[in-house]
Amino acid sequence: MANITFKRNDYISWDEYFMGIASLSSLRSKDPNTQVGACIVSQDNKILSMGYNGLPKGCSDDEFPWAREGETLDTKYPFVVHSELNAILNYRGGSLEGSKMYVTLFPCNECAKAIIQAGIKDVVFAENKYDGSPFVEASKKLFNAAGVRYYQYQGSGRILEIKV
């Protein structure tokens with residue numbers, strides 16, 4: 001009689017996998033306050049692109065400000081590219097139509113516009129720490145008008161450890 005082995009039952013779900021990739025991507029961010037990661041996946045669960053918040057290619061992380069407050073040009077806001085836009089711009093394979101984005105922070109209104117224009121149809125976010133702000137409300141209004149579904153990731157609470 002053949003020795004039958006059974007598959008593991010404690011493997012991670014697709015949502016855990018892709019949100020884990022987004023979270024891991026966020027660790028590449030040099031931002032001292034907010035690290036955000038994004039992962040775009042196809043309808044058949046293939047990773048298409050990833051991104052994190054940081055400066056544009058060719059701009060030194062040491063020569064631009066990372067402050068949250070002060071005169072506009074003394075803060076990070078006019079210079080940093082958000083993770084969602086980076087993931088969209090990093091994609092080299094053609095259309096993102098019908099794909100899903102996993103992102104560690106609910107998208108701002110500017111990223112919402114890029115998500116809609118790229119054809120992404122679902123946004124799964126880990127947290128929404130700016131919920132109720134005008135930028136988040138604008139994002140929701142844009143997503144609702146364009147038919148982009150968004151919902152908060154419901155984690156299992158399981159701690160995943162990666163040894164590198």
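## Reading the salt bridges

Modeller: Eight salt bridges are counted here, a salt bridge being a side-chain nitrogen of Lys or Arg within 4 Å of a carboxyl oxygen of Asp or Glu. This is a predicted model, where local features need pLDDT of at least 70, side-chain atom pairs count only at pLDDT 80 or more, and totals for chains, interfaces and linings use all residues. Residues are numbered from 1 along each chain as its sequence is written, and side-chain values use heavy atoms, with hydrogens and water left out.

Biologist: Which residue forms a salt bridge with Asp31?

Modeller: Side chains of opposite charge can pair when their charged atoms come close. Here the partner of Asp31 is Lys76, with the closest N and O atoms 2.7 Å apart. Asp31 lies in the loop between helix H1 (14–26) and strand E1 (37–41), and Lys76 in the loop between strand E2 (47–52) and helix H2 (83–90), so the pair ties together parts that are 45 residues apart in sequence. Helices (H or I, at least four residues) and strands (E, at least two) are DSSP runs, numbered from the N terminus.

Biologist: Are Asp31 and Lys76 buried or exposed?

Modeller: Both Asp31 and Lys76 are buried. Buried means under 20% relative accessible area, exposed over 50%, and partly exposed in between (1.4 Å probe, protein chains only).

Biologist: How far apart are the closest N and O atoms of Arg8 and Asp10?

Modeller: They are 2.9 Å apart in that salt bridge. Arg8 is exposed at 53% relative accessibility, while Asp10 is partly exposed at 48%.

Biologist: Which residues are linked with Glu137 in a network of salt bridges?

Modeller: Asp131 and Lys140. Glu137 and Lys140 sit three residues apart in helix H4 (residues 134–146), about one turn of the helix.
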